[in-house]
2 protein chains.
Amino acid sequence: MPRRTKAEAEATREALLDAAEEVFYDNGVARTSLEQIARHAGMTRGAVYWHFKNKADLFHALLDRVRMPFEEMMDEVRDTTDVDSPLETLRLACLNGLTRIEQPKSRRIHAILLHRCEFFSDINPLEMQNRLVEECQAGMREQFRYAHELGLLKPHLSPDTASRLLQATLGGLIHDWLRNPERFSLQEEGREVVNTLFRLMRYEP
Amino acid sequence: MPRRTKAEAEATREALLDAAEEVFYDNGVARTSLEQIARHAGMTRGAVYWHFKNKADLFHALLDRVRMPFEEMMDEVRDTTDVDSPLETLRLACLNGLTRIEQPKSRRIHAILLHRCEFFSDINPLEMQNRLVEECQAGMREQFRYAHELGLLKPHLSPDTASRLLQATLGGLIHDWLRNPERFSLQEEGREVVNTLFRLMRYEP
DNA sequence: TGCAGTTTACATTCATGTATGTATGCTTGT
DNA sequence: ACAAGCATACATACATGAATGTAAACTGCA
């Protein structure tokens, strides 16, 4: 019995994406068939092929639902708090990122992108990861340069190295946690690591 | 034309593993068929099925060729240099690790494990990664505790946090680099990041 | 000659894409 | 206002190709 109205159709589209997200997360992208996804959403493959061109198209649609650019996170911090130090803004944005990635939806998507998909058809997850990372890196470097000009960084700590260090640490933290969320708490140990790193980088006479 | 002697058979086994390594690296594990691997080694699937039970078995054999435990790296450093500070030993071991992972063989295997395989049949790459990481983490924590007792760590920097920080940074660095080795040099920027982190953690009156 | 090593041939499974069927909603002419 | 006709939103059926595993045939050393 087909859904008819526009709203209902949109609902099944979302249901299919939700289903894909869960099944991808549980079984990996390569191992899940469109049949599995459809069944998990209470539909058949016909519905999938109606809403999406193919598996790759569905995958793109999945990622589009959760993308959160770095710059927006910085802006968000600046809007909601009144710190004027770039280092503090950056630190809060990082903590913010950790919190976001704990949300089930965001967490599943990132886990899929990082650990549960290889390249297939026209999709290269490594390129996607790279885009995210480089964008993030650029934003961080800008803040660190600003902090450097203000003399807020430890002497002999170049903005470039600082941004690479933070980038690596954050990336590693998220990788590790997504790989096994039970191993440690992002909100406790994770924040502690980030705060510690900033404390080490900040110049205090 | 079948290979006959034991040595020749062993050679084709290695050739098959080499082929698998390359094709897995280029196309991902899921997307490569045993046929592709065999052809790439100048053989047919029959040879593969003679030497390995199936794809999963071949995959295990691949990983077994390059495993390098953390403890051994620490021992290696202690043997070849004469530093008595745990922090220095640790730092050198890390730099050592960066150098090792640049070797084509090691680099390909790790890239496959981190970025080019999802779970399939009885294989769960995430578990394998976890084993490596936890083992490494335990070793680092031990060294940091020792350094802490000797008063070598910055005040307010707990050994646990320090080890988590280093672990995350190293992991992130390696992830980032393996994802796109052209983006930066492990030997230059990578070492610089590690050295900087140790400089920040070390206590110097 | 027997057997380790390798090829070839074959049966099976399974996912994909597409074509077709169909029921419902929407629109338009009157 | 209300059918007729068309578009939408699916389900079903089928054709295809690709990968797997296995069994049987082959080949040359021992």
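**Figure 1. Buried residues and the overall build of chain A.** Of the 205 residues in chain A of this predicted model, 51% count as buried. Chain A has ten helices and zero strands. Taken along the principal axes, the box filled by the C-alpha atoms of chain A is roughly 70 × 30 × 30 Å.

Figure 2. Which residues of chain A does UniProt list for "DNA-binding region"? The record, an unreviewed entry, gives residues 33–52 of chain A. In the predicted model, this span is 70% helix and 0% strand.

Figure 3. K105(A) is partly exposed, with a relative accessible area of 37%. D18(A) is partly exposed too, at 28% relative accessibility. As background, side chains of opposite charge can pair when their charged atoms come close.

**Figure 4. A helix-to-loop salt bridge in chain B.** Now move to chain B, where the side chains of E14(B) and R65(B) meet in a salt bridge, with 2.9 Å from N to O. E14(B) sits in helix α1 (residues 6–27) of chain B, while R65(B) belongs to the loop between α4 (55–64) and α5 (70–80). The two residues are 51 residues apart, and the pair links distant parts of the chain. E14(B) counts as partly exposed at 30% relative accessibility. R65(B) is partly exposed as well, with a relative accessible area of 27%.

**Figure 5. A salt bridge with one buried partner.** Stay with chain B and find R108(B) and E21(B), whose side chains meet in a salt bridge of 2.8 Å, N to O. R108(B) is in helix α7 (residues 104–115) and E21(B) is in helix α1, 87 residues apart. Is E21(B) buried or exposed? At 1% relative accessibility, E21(B) counts as buried, because the cut-off for buried is under 20%. R108(B), with a relative accessible area of 23%, is partly exposed.

**Figure 6. A salt-bridge network in chain A.** Salt bridges that share partners join several residues of chain A into one network. Its members are E14(A), D18(A), E21(A), R65(A), K105(A) and R108(A). The whole structure, over all chains, holds 24 salt bridges.

Figure 7. Two helices of chain A, α5 (70–80) and α8 (125–149), each supply at least two residues of the patch. E72(A) is found in helix α5. At 51% relative accessibility, E72(A) counts as exposed, because exposed means over 50%.

Methods. Residues numbered from 1 in each chain as written. Chains lettered and ligands numbered in written order. Predicted model: local features only at pLDDT ≥ 70, side-chain atom pairs only at ≥ 80, totals over all residues. Heavy atoms only, no water. Helix = DSSP H or I, 4+ residues; strand = E, 2+ residues; numbered from the N terminus. Buried < 20%, exposed > 50% of the residue type's maximum accessible area, 1.4 Å probe, protein only. UniProt positions renumbered as here; feature names shortened; annotations may be inferred. Salt bridge = Lys/Arg side-chain N within 4 Å of Asp/Glu carboxyl O.
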